[in-house]
Amino acid sequence: MKDILVTGGAGFVGSHCVLTLLEAGYKIVALDNLSNAICVDENQNSLPECLRRIEILTGKKLTAFYNVDLRDERAVMDVFARHEFDAVMHFAGLKAVGESSVKPLEYYENNVAGSLYLLKAMRKHGVKRLIFSSSATVYGVPKYLPLDENHSSGVSITNTYGRTKFVIEQMLRDLEASEKGWCMISLRYFNPIGAHESGEIGEDPQGVPNNLMPFISQVAIKRRPVLKVFGNDFKTKDGTGVRDYIHIMDLANGHTLALDKVMNDNNNSFSGFNIINLGTGQGHSVLEVIKAFENATGVKIPYEFTDRRPGDVDAMYADNQKAMKLLGWKPAYDIEAMCKHTWRWQSKNPKGYRI
């Protein structure tokens, strides 16, 4: 078997997927620019701490790791020249919804331009299997719930992050239409939280967290004094936003199953460009998640309401029937397990991957 390239392999989602891919027997080359990852020995060309721990957890070594930014086209081409890849799993990119509305050009440069250079390298080297890490934000303001793959996309997107994901999906569609042989799955997933059950790897955002669960856990560990809840005037049962929270290991398993499909697509069921949701199919409000965390850990979370973030919708959760049918995937963890595993990670690593 040839190598699988995982871009953004040292990020939250990418690293957990590296773990499941190694466990599934794949050979992995990880690429990351370390914008949201830590190398403990401060050698920027050494293995990021999350990947070092993954090698210990799995008992398997990565083929290689490259500290490369996808916007560096020459460096990306060099990585492809060094290896023969069977497929690419593409996570690399900026992902904070609120921040994207403040820094739109940075998001287009990182997400869209980076993806462009990656696709050019794939085309040049004849690598035509791709699992793309997309987002439910491409659906925009929901016209109905739960959101299935037939819901319109690109029409009412409320933030720059979502628009960059939609533009990349359009690039994939156009590329597939222009050449035969491409086999692509765009996984539109919802809100990944939790951590590996061991507590050895988890979410370690640099700076102030942009997502709910790492903010909760940093308040719980007393790194931050109070949780800021963005808005209490949403059209939901308790006034706080409702989202489909999916355990990071369920998400990682979904990506691995998707790769299995494109690698063994003997009847061409996944030829061309395919869209599949990954979510639990159930929504939880911010206040419900806070309560679930308190119940699961026994730790009280002080919180205060603040202004809504630009681009946030009232509620969003998935119809996941297509993933169950086509991938044989089913979420295994509930919200309590997501909270327990988050707390296990954070309490074992109060400073994240920093020593």
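Author: Let's start at Leu259. Setting aside neighbours within four places in sequence, Leu259 is in contact with Ile4, Leu21, Tyr26, Ala87, Met89 and Ile131. Please keep in mind that this is a predicted model. Leu259 and Leu51 have the most contacts inside the largest nonpolar core, which has 49 residues. Helix H8, residues 248-263, gives the most to this core, with eight residues. A second core of 37 residues is separate, and includes Ala64, Leu70, Val79 and Val313.

Spanning residues 104-124, H5 reaches 29 Å from its first C-alpha to its last, close to the 30 Å expected. Among its buried residues are Tyr107, Val112, Leu118, Leu119 and Met122, and also the polar Asn110 and Asn111. Their cover includes strands S1 (3-7), S4 (85-90) and S5 (129-135), together with helices H3 (73-82), H4 (97-102) and H6 (160-178). After H5 comes Gly126, with a positive phi near 70°.

Now for the rings, which form four aromatic pairs. Phe80 counts as buried because its relative accessibility is 2%, under the 20% cut-off. Phe85, at 7%, is buried too. Trp345 and Tyr353 make a tilted pair, at 4.8 Å and 55°, and both are buried.

Two arginines also sit over rings: Arg188 lies over the face of Tyr139, 4.9 Å from the ring centre, while the charged end of Arg308 is 3.8 Å from the ring centre of Phe234.

How values were computed:
Residues are numbered from 1 along each chain as its sequence is written. This is a predicted model: local features need pLDDT of at least 70, side-chain atom pairs count only at pLDDT 80 or more; totals for chains, interfaces and linings use all residues. Side-chain values use heavy atoms; hydrogens and water are left out. Helices (H or I, at least four residues) and strands (E, at least two) are DSSP runs, numbered from the N terminus. The expected span of a helix is 1.5 Å times one less than its number of residues. Buried means under 20% relative accessible area, exposed over 50%, partly exposed in between (1.4 Å probe, protein chains only). Contact means heavy atoms within 4.5 Å. A nonpolar core is a set of buried Ala, Val, Leu, Ile, Met, Phe, Trp, Tyr and Cys residues joined through side-chain atoms within 4.5 Å. Rings of Phe, Tyr and Trp (its six-membered ring) pair if their centres lie within 6.5 Å; planes under 30 degrees apart count as stacked, over 60 as edge-to-face and the rest as tilted. A charge sits over a ring if NZ of Lys or CZ of Arg is within 6 Å of the ring centre and within 35 degrees of the ring normal.
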